[in-house]
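Work through the exercises below with the model open. Try each task before reading its solution.

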Amino acid sequence: MALSQTATSSTKVPDISGFWERKDEFGGGSFGGTLERIPKASIKPEYIEAAKRAAAAAARGEVVSFGSKWCLTNSYPFFMQHSAAWDIAQSQDEIIQAPEVHTFARHIYLDGRKHPDAEHLQRSVNGHAIGHWEGDTLVVDTIGFSNTGGTPGGGRVGPGTHLVERFKLVDGGKTLSVTSTWDDPAIYLKPHTYEMTYHKSEPGTYAFEEYCHADDEAQGGSVVPPPQK
Amino acid sequence: MSILKKEEIVKRTFRAFGIRVLGIVAAVASLMTTQNALALGAAAGPNLSGLWELRFDSANVPPASLASAMATEDPSVQYQHDMNAIRWCHFMGVPYVMGVSPIDIVQNLNGKEVLITTPVRNPSRHIYTDGRQHANPETFDPVSGGNSIGHWEGETLVVDTVGFSGEGVTRIPGGGRRTPDSHLVERFRLVDGGNRLSVTFTWEDAKVFQKPHTYEFRYYRAPKGTEQREYDCNASDEARAKYLLGAPGGASK
């Protein structure tokens, strides 16, 4: 086999490639147990009130989002808290996280580039992510989110949100720890930090395509009944 | 570089020093300590990683020799099928996504997978290069991208894909369509000193083609710093639906 890509450095980095999946380690079979262990975000009162209003509307049977009916794109960090596995492909200059859920792959550039300035920043559901290795830890810095979704622990994501994640293999490489720190002076009273762990899928695992058909009447069925008020 | 090749290199090194037994022990120890580590710059086969663009002269697509039923089909059938998929933001699938520029290829340093993404909201292409066979068709649900496995033949990555569904944009460049019976073989090869990437696509499907249909895309390596954007798709956008279909009742569905 020809090796035209010769080693340019003796530096070694952890191999975090492969499929990773969440498992409920603390709950009774659902993912609630795991999510409940995530510390609550300290957010501004207006965001707390907005969350309360949304919860009350849902309790009254009102539809608070048509995202599922229309198969709208899931925003980061949705796939990181989903039960479906996601795949990491790892080259020297880039890491891609490829989720099965209905969204885009996430590109983490490792080639030393910086974030674009505000004038040239293209906002996206996964944001603009750059990373570097600090020893055996991959540190990823992300800005430029286009969405206004949520985070585990009740945090929110906005246009000015800044995320720092630390990816590290533990348990002999069987588990991947990801510590996330969200910060945004418009939303958070203090940075919101939590850790989630992911388990390496068995060798031979392959990805599914998670279909969502907005033209399928049944797709909207889950949010249309009961009758709208 | 594969694990076996690493082992062979280590063995040869120790053989030169005349300490074969110690070499085997050291090789095993080396594999144990590096199983979760990757040497930067080392990968299986030529390095295809990077963003690749299509330009005006990239496509070399001859007309396909279509099977008789396909050759006489009303062209509007295929058009309406594909436009419906676009209007409803279905996954486009292969081969459509290979024609969306730029594609981004990340070739795992451990040699076990090549991942291809495109700017459209579509599942990534997972090309498994870890020696596995195709997924069991008895249990594999056909998908728009199929089930892809790859191996290296010299400096060419050969990708074999089956397990397609009829979802998405199924039109094949040059004529014909992707069906659940389609078999695709792609050959990825760097040319022009690594500045271009040649991908030849060969489709076989007895109900679609009289003979295998082959065409080539030659991508250009994108300038350094190029990034892949997200071309989102919103099926609830009524203006978009009207533009695509004349809004045959779809947008308000």
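Two residues are in contact if their C-beta atoms, placed from the backbone, lie within 7 Å. The model is predicted: local features need pLDDT of at least 70, side-chain atom pairs count only at pLDDT 80 or more, and totals for chains, interfaces and linings use all residues. Residues are numbered from 1 along each chain as its sequence is written, and chains are lettered from A in the order in which they are written.

**Exercise 1.** List what I105(B) touches, not counting residues up to four places away in sequence.

**Exercise 2.** Describe the side of chain A that touches chain B.

Solution. Count first: 46 residues of chain A contact 52 residues of chain B. Next, find the strands (DSSP runs of E, at least two residues). β1 (12-14), β3 (86-90) and β4 (94-99) of chain A each supply at least two residues of this side.

**Exercise 3.** State how α4(B) and α5(B) are oriented to each other.

Solution. Locate the helices (DSSP runs of H or I, at least four residues): α4 spans residues 75-87 of chain B and α5 residues 238-245. Their axes, lines fitted to C-alpha atoms over the stretch in contact, come within 10 Å and cross at roughly 170 degrees. Angles run from 0 to 180 degrees between N-to-C directions, and those over 145 count as roughly antiparallel. Therefore α4(B) and α5(B) are roughly antiparallel. Finally, name the contact residues: M83(B), I86(B) and R87(B) from α4(B), with A241(B), L244(B) and L245(B) from α5(B).

Key. Angles under 35 degrees count as roughly parallel, over 145 as roughly antiparallel, 65 to 115 as roughly perpendicular and the rest as oblique.
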